[in-house]
Amino acid sequence: MDKKNIGIIGAGAWGTALGTALSHGGHCVELWALEEDVTDSINNEHENKRYLPGLLLDENVRASCDIKKVAEGKDIVIMASPSLYLASTISKFCDVKNIQDGSTIIASLTKGFVPSKDSELPGLVLDTMESALPACYKNCTVYIAGPSHAEEVAVGKITGLISASNHHRNAIIVRDVLRDAKGIMAYASFDTIGVQICAAAKNVIAVIYGALDALAETSEIFGDNTESLLMAAGLNEIQTLGFAMGATHAQTFTSISGVGDLDVTCKSKFGRNRRFGHDIIKTDILSQFKDLDDLILNVKKVGYLPEGAVACKYVHQIAVAKNLKLPICEALFHLLNKEITPEKCLESLINRDNMKKILKRHEGR
């Protein structure tokens, strides 16, 4: 094993979990956190009490509020900041020497779409990063994705991840580093667009899945079979979106970055998007928002981040611009926009003719 110095920009649950897994694998890891209480708890108590409470971190993981220090002299820098703040966060350290000369590999854990200033359509994570970084990073950044809840990664449970990049050598270097981490099985991919679309769009399907799961508890027509039907149809919509955006490999959608990530996001007790779907039914959480834009603007009221609600707006924009038929994603858009009730949304969505059309769309591809 070639020991690497790794900086992780963002000490939320996922960044912290991967950091401790990489440290267990023998790499030197330093996390950047915005909050002093986070750095204090990581450095002094080996626990991220704010974002990953109750889980003991490797004692060699260090944290700092100095973002340039965390980026400086690192072999690999991994972005783990929210998509809305991705470019502005990069601007805070991109003048560091090893970033300026391109000697550091830069990867990202960030999921979702990014609003674009130059286009009506949202941008993808790697494009956003490369626009904010020095020109030497064009087509060289790496995207890390896969079915990976932080709570399990942090304790070393076996997890599959994808390292995707247009720069094949960088994809393989990051893959090999991930393989050193405790419990991680990693694979390389060169379909960066497909992997990014899977990571963002599966959260949209998971919100609808969570709502259906909550209704199924008392429904005479919804059950486990219905949920599997919804998930299969949802995967087809993700594939439709992916190919429309430029995905290159069909197997991306049938691998861990596609069906694997969708499955765990829909079914896991740790899934925030599934939880949000549950809350739509059980707590009427949408009642405190006027529409989807109001929800996104005031998402902190939710108490956790349902990425699928934000991604839903951007999927809708892409579907309209490219004339895509995405009934499940569109149903969620109208639900979050307060145009239909959850019950009517799902009852109209789950019908024979509609599902037949969705499920047949990719036959023979």
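Trainee: What covers the buried residues of α6?

Mentor: In this predicted model, helix α6 spans residues 125-132, and its buried residues are V125, L126, T128, M129 and E130. Both strands and helices lie over these residues. The cover includes β4 (76-79), α4 (86-90), β5 (105-108), β6 (142-145), β7 (159-164) and α9.

Trainee: How are the axes of α9 and helix α12 described, roughly parallel or roughly perpendicular?

Mentor: The axes of α9 and α12 (residues 256-267) come within 9 Å and cross at roughly 30°. Angles under 35 degrees count as roughly parallel. The two helices, α9 and α12, are therefore roughly parallel.

Trainee: How many nonpolar residues does the contact of α9 with α12 have?

Mentor: On α9 the contact is made by V195, C198, A199, K202, N203, I205, A206 and Y209, and on α12 by S257, G258, D261, L262, T265, C266 and K267. By class, 4 of these residues are polar and 3 are charged. The number of nonpolar residues is 8.

Trainee: What span should helix α15 have, at 1.5 Å a residue?

Mentor: Helix α15 has 16 residues, 307-322.

Trainee: Which elements do the buried residues of α15 pack against?

Mentor: The buried residues of α15 are G308, A309, V310, A311, C312, Y314, V315, H316, I318 and A319. Their packing partners are α9 (192-216), α10 (224-245), α13 (272-282), α14 (292-297) and α16 (327-336).

Trainee: Which residue just after α15 takes a positive phi?

Mentor: Just after α15, a positive phi of about 55° is taken by N323.

Notes:
Residues numbered from 1 in each chain as written. Predicted model: local features only at pLDDT ≥ 70, side-chain atom pairs only at ≥ 80, totals over all residues. Heavy atoms only, no water. Helix = DSSP H or I, 4+ residues; strand = E, 2+ residues; numbered from the N terminus. Expected span 1.5 Å × (residues − 1). Buried < 20%, exposed > 50% of the residue type's maximum accessible area, 1.4 Å probe, protein only. Contact = heavy atoms within 4.5 Å. Axes fitted to C-alpha atoms, helices over the stretch in contact; angles between N-to-C directions. Parallel < 35°, antiparallel > 145°, perpendicular 65-115°, else oblique. Nonpolar A, V, L, I, M, F, W, Y, C, P; charged D, E, K, R; others polar.
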